[in-house]
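Subject: Predicted model for your review

Dear colleague,

Please find below the sequence and the predicted model that I am handing over to you. My notes on the structure follow directly after it.

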Amino acid sequence: MISSLLITIACSGESVSSSEDTIKIGVLASLTGPLETYGKQTVLGFELGLQYATDGTNEVAGKKIEFVVEDTETKPDVAVRKAMKLLEEDKVDFLVGSSSSGDTLAVLPLAEEYEKIMVVVFYEGVVESVPVPVVP
């Protein structure tokens with residue numbers, strides 16, 4: 001998952017919105033609530049995967065990668081609020097998450113509205129049609 005995201009970043013050819021030399025990734029995870037264990041594993045896995053994929057540099061294509069973690073509390077309304085914060089205040093370039101299918105389904109329309117790629121890390125439901133951004 002991390003490698004795919006990094007390849008997408010490196011090949012996109014677009015400048016990132018947060019800074020010319022920084023890529024910001026918003027990670028949505030259930031750090032409290034019934035899926036707390038999965039959420040903590042998501043964050044740890046993302047961090048370890050990022051370190052592994054970048055050989056410990058947390059950089060790709062000469063750009064530093066930062067990530068901001070938000071707790072969805074395993075509640076779709078909270079997930080939407082936290083995703084809005086990541087998109088509007090933190091100005092993330094990508095979204096990753098969530099530990100809950102309810103959270104994911106609630107946030108996917110925001111990712112589409114803001115034209116951001118959202119990498120879904122855990123999903124136990126079925127979706128008939130989800131728009132997938134095409135990277136040239």
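Glutamate 59 has lysine 64 of S3 as its bridge partner. The strands concerned, S2 and strand S3 (residues 63–71), pair in the antiparallel sense over two bridges; two strands are taken to pair if DSSP finds at least two bridges between them. Helices (H or I, at least four residues) and strands (E, at least two) are DSSP runs, numbered from the N terminus.

The model is a predicted one, in which local features need pLDDT of at least 70, side-chain atom pairs count only at pLDDT 80 or more, and totals for chains, interfaces and linings use all residues. Residues are numbered from 1 along each chain as its sequence is written, and side-chain values use heavy atoms, with hydrogens and water left out.

The sheet

The five strands form an open sheet in the order S2-S3-S1-S4-S5, with mixed pairing. Its edges are strand S2 (59–60) and strand S5 (117–119), each of which pairs on one side only. S1 and S3 run parallel and are joined by eight bridges. S1 also pairs with S4, in the parallel sense and over four bridges. S4 and S5 are parallel as well, with three bridges between them; here valine 96 stands opposite valine 119 in S5.

What share of S1 is buried? Eight of the eight residues of S1 are buried, so the strand is largely enclosed by the rest of the structure. The term buried means under 20% relative accessible area, exposed means over 50%, and partly exposed lies in between (1.4 Å probe, protein chains only). In a regular strand the side chains alternate between the two faces of the sheet. In S1, Thr22, Lys24, Gly26 and Leu28 point one way, while Ile23, Ile25, Val27 and Ala29 point the other way.

Isoleucine 25, found in strand S1, is buried with a relative accessible area of 0%. Its bridge partner in S3 is phenylalanine 67, and its bridge partner in S4 is phenylalanine 94. The C-alpha atoms of isoleucine 25 and glutamate 66 are separated by 6.2 Å, although these residues are 41 apart along the chain. Valine 27 has valine 96 as its bridge partner in S4.

S4 is covered on both faces: Phe94 and Val96 on one side, and Leu95 and Gly97 on the other, are all buried.

Helix packing

Two packed helices are described by the angle between their axes and the distance between the axes. Helix H3 (residues 76–88) and helix H4 (residues 101–113) pack at an angle of about 40°, with their axes 8 Å apart. That angle makes H3 oblique to H4, as angles under 35 degrees count as roughly parallel, over 145 as roughly antiparallel, 65 to 115 as roughly perpendicular and the rest as oblique. Axes are lines fitted to C-alpha atoms, for helices over the stretch in contact, and angles run from 0 to 180 degrees between N-to-C directions.

Pro76, Ala79, Val80, Ala83, Met84 and Leu87 of H3 make the contact with Gly102, Asp103, Ala106, Val107 and Leu110 of H4, where contact means heavy atoms within 4.5 Å. These residues divide into nine nonpolar, one polar and one charged. Ala, Val, Leu, Ile, Met, Phe, Trp, Tyr, Cys and Pro count as nonpolar, Asp, Glu, Lys and Arg as charged, and the others, Gly among them, as polar.

H4 also lies across strand S1 (22–29), strand S4 (94–97) and S5, and runs at about 160° to S5.

Backbone details in the loops

Which peptide bond is cis? The cis bond joins glycine 97 and serine 98, with omega about -5°; serine 98 lies in the loop between S4 and H4.

Asparagine 58, in the loop between helix H2 (36–53) and S2, has a positive phi, near 55°, and is not a glycine. At 22% relative accessibility, asparagine 58 counts as partly exposed. Glutamate 115 likewise has a positive phi, of about 55°. This glutamate 115 is found in the loop between H4 and S5 and is exposed, with a relative accessible area of 73%.

The chain as a whole

The chain has four helices and five strands, and from the N terminus on its elements run α-β-α-β-β-α-β-α-β. Of its 136 residues, 41% count as buried. Among contacts between residues at least 6 apart in sequence, 66% join residues at least 24 apart.

Yours sincerely
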